[in-house]
Amino acid sequence: MNKKPNILLVYTGGTIGMIKDYKTGALRAFDFDKLLKRIPELSHLNCDISTISFEEPMDSSNMNPDSWVRILEIIEDNYTAFDGFVVLHGSDTMSYTASALSFMLENLSKPVIFTGSQLPIGDLRTDAKENLITSIEIASLMENNQPVIKEVCLYFEYKLYRANRTTKINAEHFQAFASLNYPALAESGVHLKVHKEYLLKPTNKELVVRKDLDARIAVIKLFPGINEHSFECIINNDYIKAVIIETYGAGNAPTEEWFYKVLQKAVDAGKFIVNVTQCSGGSVNMGQYETSVHLQELGIISGKDITTEAAIAKLMYLLGAGINKKTFKTVFETSLRGEMS
Ligand code: ASP
């Protein structure tokens with residue numbers, strides 16, 4: 001008889017872990033050690049659940065690369081002992097953390113499912129229970145003694161997404177995330193339907209954890225009226241090694257001379273400049289319009305249809321890995337974890 005899958009639930013913080021004190025109306029942190037007692041439904045799941053919590057659960061606005069490494073190390077230390085991982089995380093920066101983990105966990109062959117909620121787990125109308133229960137169910141899916149999901153995912157409001165394709169799109173709706181450039185990997189309704197054709201293909205190689213991230217990057221969102229001085233200040237600051245420019249539409253930008261000159265100076269100084277569209281869906285296609293030909297001529301890196309969240313994570317990861325100047329553009333433009341088409 002096959003043994004039950006072993007799932008590790010990692011609580012990092014966020015709304016999901018709160019409970020309302022109905023006397024005072026205040027929200028307070030939930031005691032995750034008593035999770036199974038408080039949510040008896042969990043004991044009906046066909047898996048064994050262990051929990052581990054950040055000593056001080058945090059609002060996800062305070063997450064940073066050091067906290068990403070803490071999550072990574074929990075998974076690394078428990079990788080052989082568990083069949084799958086569910087990470088409970090605040091929804092505000094969940095797409096950033098989950099995208100980062102997708103790069104930090106190379107050759108992943110087990111599910112790492114990020115989830116959270118818009119309402120605390122102790123609230124009567126909470127979305128937390130469904131998100132939590134289905135995430136655990138998905139992490140427990142096995143076929144021929146192997147996990148079905150072997151990548152970093154984000155589950156929210158009946159949909160499982162590839163994490164590095166997601167963006168938080170709504171601060172109030174239960175459907176808080178979207179993945180506009182890649183279809184959902186699974187959907188939960190009366191049945192749990194996994195779209196296997198969209199899953200990452202397993203590698204059969206040993207897990208490699210990547211902890212070196214270099215955060216000396218900046219993101220500049222273009223807007224009509226952006227001026228030379230502020231653009232120059234950020235992009236040609238000595239501290240900054242790489243910049244993501246959120247451009248218009250299919251990767252378009254002003255053709256004014258100053259714009260070209262500032263970029264030229266940055267490229268000459270060896271900085272990596274990535275073109276990511278500020279549209280939530282669709283792709284950068286430099287050369288399609290006259291307003292992106294100059295970017296192409298400068299050798300600006302195409303972010304294609306990557307999200308800004310995944311581009312940030314990928315830049316930190318590639319800078320941390322010390323990818324050399326010659327190959328950086330090619331490596332960035334190659335899909336490493338299914339983050340771009
Ligand atoms: N501010 C919270 C956080 O991101 C919101 C949430 O949990 O959904 O930590």
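I take axes as lines fitted to C-alpha atoms, for helices over the stretch in contact, with angles from 0 to 180 degrees between N-to-C directions. The model is predicted, so I keep to its limits: local features need pLDDT of at least 70, side-chain atom pairs count only at pLDDT 80 or more, and totals for chains, interfaces and linings use all residues. Residues are numbered from 1 along each chain as its sequence is written, and side-chain values use heavy atoms, without hydrogens and water.

**Sheet.** I looked up an open sheet of four strands, ordered β17-β18-β19-β20 with parallel pairing. Helices (H or I, at least four residues) and strands (E, at least two) are DSSP runs, numbered from the N terminus; two strands pair if DSSP finds at least two bridges between them. β17 (217-221) and β20 (301-302) are the edges, each with a single partner strand, so one side of each has no neighbour in the sheet. I noted six bridges between β18 (residues 242-247) and β19 (residues 272-277), in the parallel sense. I245 has N275 in β19 as its bridge partner.

**Helices on the sheet.** Helix α5 (residues 228-235) touches β17, β18 and β19 and makes about 160° with the direction of β17; contact means heavy atoms within 4.5 Å. Helix α8 (residues 308-320) lies across β17, β18 and β19, at about 165° to β18.

**α8 and α9.** I find α8 packed with helix α9 (residues 325-332) at about 150°, axes 11 Å apart. That makes the two roughly antiparallel, a term for angles over 145 degrees. On the α8 side the contact is made by A311, K314, L315, L318 and L319, and on the α9 side by F328, V331 and F332.

Note on methods:
Parallel < 35°, antiparallel > 145°, perpendicular 65-115°, else oblique.
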